[in-house]
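Thanks for taking a look at this model with me. Below are some numbered notes to read alongside the structure.

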Protein chains: 2
Amino acid sequence: MSNLPDIAVFVQVVERGSFTAAADRLEISKAAVSKYVGRLEHRLGARLLNRTTRRLTLTEAGAALYDRAGVAIADIAAAEAEVMELTGTPRGRLRVTAPAYFGNAFLMPAVTGFLRSYPDVELELDLNNRIVDLVKERFDVAIRITSLTDSSLVARRLADVRLLTVASPEYLRKAGTPATPADLSDHVGLSYTLQHAPNEWHFVADGKRPVTVHVRGCLRCNSDDALKHAALAGIGITRFPELFIGGEIASGQLVRLLQDYEPPPASLCAVFPTRTNLPPKVRVFVDFLARHLKPA
Amino acid sequence: MSNLPDIAVFVQVVERGSFTAAADRLEISKAAVSKYVGRLEHRLGARLLNRTTRRLTLTEAGAALYDRAGVAIADIAAAEAEVMELTGTPRGRLRVTAPAYFGNAFLMPAVTGFLRSYPDVELELDLNNRIVDLVKERFDVAIRITSLTDSSLVARRLADVRLLTVASPEYLRKAGTPATPADLSDHVGLSYTLQHAPNEWHFVADGKRPVTVHVRGCLRCNSDDALKHAALAGIGITRFPELFIGGEIASGQLVRLLQDYEPPPASLCAVFPTRTNLPPKVRVFVDFLARHLKPA
DNA sequence: CGAGATTGTTCACAGACGTGAACAATCTAT
DNA sequence: ATAGATTGTTCACGTCTGTGAACAATCTCG
């Protein structure tokens, strides 16, 4: 056969810009990449890449080859994906990223049942409270709290998460305990960066109208963990998913405030890169989560 | 990498219509083909081919995959060929077919020099007097005497070949020896099948007008060897390239006739499948032949 | 209808291929 | 400027993959 792997590797090298990056992406060693490209050049009898140990340049021949072969390789991958989406059974590696607290508290216990149901799916969980780039790090699904901001992604709502307003005992001793949402205007709020209006806090209470108060923000951060640490250190008041701070409330490290005025529930979403059809492994995983999240 | 060889093999199976044929074409074992296809089906989680031990049918999924991947594979092969044609050095397997007598008398001696000049070319000579299908049997070049009839092929004239009019002594004893072309109308002519007008023989002589005579054909054949045997057996008069019957004339098995009236020289051609640009290995081979045929 | 031929699949073995460490060459920091 | 980091390449070793024969299933020809 007209040795295709060589070309696949070559295309990957061109697209990633280096042999090492291509090796990482293809999950083979640098040595193998070097061999593949060398073999292809030898077979075609033409140098494809000018390598200067620090910078790769496409030869004229290399550019010509990439122009035509690059799209063909992509076509094949797309065709494969299409077949898999249409008629395939759940199978293959499934890369999922989720908030660490959600993973520990809920995902890990549920996962065993999922893997039993779909033995051909190989799950790769990345429990991490940072915001990841789905396409860049090639995740199939991300579990997130916030509503999505990146329009190139699509989301599916899995469940509501209850948010609790909390602060540390030390902070309350210093700044006093608010009794109504209106009292918050005198307090310091810790907010999550990725929100529409981080310092506008909404509350709802049974039988009353929704309330919006402006808090004075002193710390805005894109890390759940950092915000929790700030709250524990007594820097201010913040609002967190119940799951995330259940332990701290039970142990008394954080105190729940305004119990009659809950924040409107946030949405727990499964987020995935835009695709016409989802691969079966992703579909069944999200379905599984939605089914098992109903009781919670 | 999204395992491409699997798809290449699958495409080949579809195009050739059977696992065995694909194995032949790809020059791997049937077992390997079976494994490749099986692996692909397993990876996609869908059956691609319905195999009934005697007939292959494309699954809906298989048809979808082939529709898109087939052209992509062809594109890649074309891109490879293009690069090789534009900037490549002579390299790879070169399949050549030539008349046996030409191969033995001329090609084999010349070939050693060619291989020394281009050590990366692997020559595969098929010396055979039958007419082969270039594309079907995947030859890169054919050396032929006749002008080409198949318009899908292109040819390049390499040299003129001198044709001699000959017959066996036995035949001449029975039928007499013709002294002029006009005498041939009483004789039996053995003709090669693939000629415009097999029974119209042309002659030219120094200082005289070209002559055309009609001979009575009793045997028309598409095999050089068969015609030679017929001539040796005394069945009739025929015209052959000098190289082809030099030995028989020297040994007296065939007698040269009408020495003053030679047939117009035929063209020795290199014939190849139509391509925009020839691969370097083919180009240098034909150049080499043309260069070394001038003296002869 | 039955024997022969041909299909695709399975299995143990041998060879090819990728691996990982060491290497030379280059760039980029302090 | 010098040391450190990072690039692509090379080499011996161990694993994975293709091989070839045997096999069951099917079709075809007399």
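Predicted model: local features only at pLDDT ≥ 70, side-chain atom pairs only at ≥ 80, totals over all residues.

1. A polar side-chain atom of A:R51 is placed 2.4 Å from a phosphate oxygen of DNA strand D.

2. Residues are numbered from 1 along each chain as its sequence is written, chains are lettered from A and ligands numbered from 1 in the order in which they are written, and side-chain values use heavy atoms, with hydrogens and water left out.

3. Which residues come closest to DNA strand D? Of the 20 residues that surround DNA strand D, the closest are A:T20, A:R51, B:S29, B:Y36 and B:R54. Sugar and phosphate make up 68% of the atoms of DNA strand D that come within 4 Å of the protein. A residue is near a strand if one of its heavy atoms lies within 4 Å of it.

4. Both chains take part here: α2 (19–26) and α3 of chain A, together with α3 of chain B, each supply at least two residues of the surface near DNA strand D. The most come from α3(B), which gives 5 residues. Helices (H or I, at least four residues) and strands (E, at least two) are DSSP runs, numbered from the N terminus. By class, this surface near DNA strand D has 7 nonpolar, 7 polar and 6 charged residues. Ala, Val, Leu, Ile, Met, Phe, Trp, Tyr, Cys and Pro count as nonpolar, Asp, Glu, Lys and Arg as charged, and the others, Gly among them, as polar.

5. Now turn to DNA strand C. There are 21 residues around DNA strand C, and A:S29, A:Y36, B:F19, B:T20 and B:R51 come nearest. Of the atoms of DNA strand C within 4 Å of the protein, 72% belong to sugar or phosphate, and the rest to bases. The surface near DNA strand C has 7 nonpolar, 7 polar and 7 charged residues.

6. A phosphate oxygen of DNA strand C is 2.6 Å from an N or O atom in the side chain of B:T20. For B:S34, a polar side-chain atom lies 2.8 Å from a phosphate oxygen of DNA strand C, and for B:R51 the distance from such an atom to a phosphate oxygen is 2.4 Å. The elements that give two or more residues to the surface near DNA strand C are α3 (30–44) of chain A and, in chain B, α2 (19–26) and α3 (30–44). Here α3(A) gives the most, with 5 residues.

7. In the loop between α2 and α3 of chain A you will find A:E27. A:E27 is not a glycine, yet has a positive phi of about 60°. Most residues other than glycine have a negative phi. At 48% relative accessibility, A:E27 counts as partly exposed (buried means under 20% relative accessible area, exposed over 50%, partly exposed in between, with a 1.4 Å probe and protein chains only).

8. Chain B has a residue to check too: B:R138, also not a glycine, has a positive phi of about 55°. B:R138 is in the loop between β4 (121–127) and β5 (141–144) of chain B. With 36% relative accessibility, B:R138 counts as partly exposed.

9. Which residues of helix α8 (residues 242–250) of chain A are buried? They are A:F244, A:I245 and A:E248. These residues cover an arc of only 40° around the axis, so they are on the same side of α8(A); the arc is that of the directions from the helix axis to the C-beta atoms. On the other side of α8(A), A:G247 and A:A250 are exposed.

Conventions:
Polar contact = N/O pair within 3.5 Å; in protein donor to acceptor, adjacent residues only side chain to side chain.
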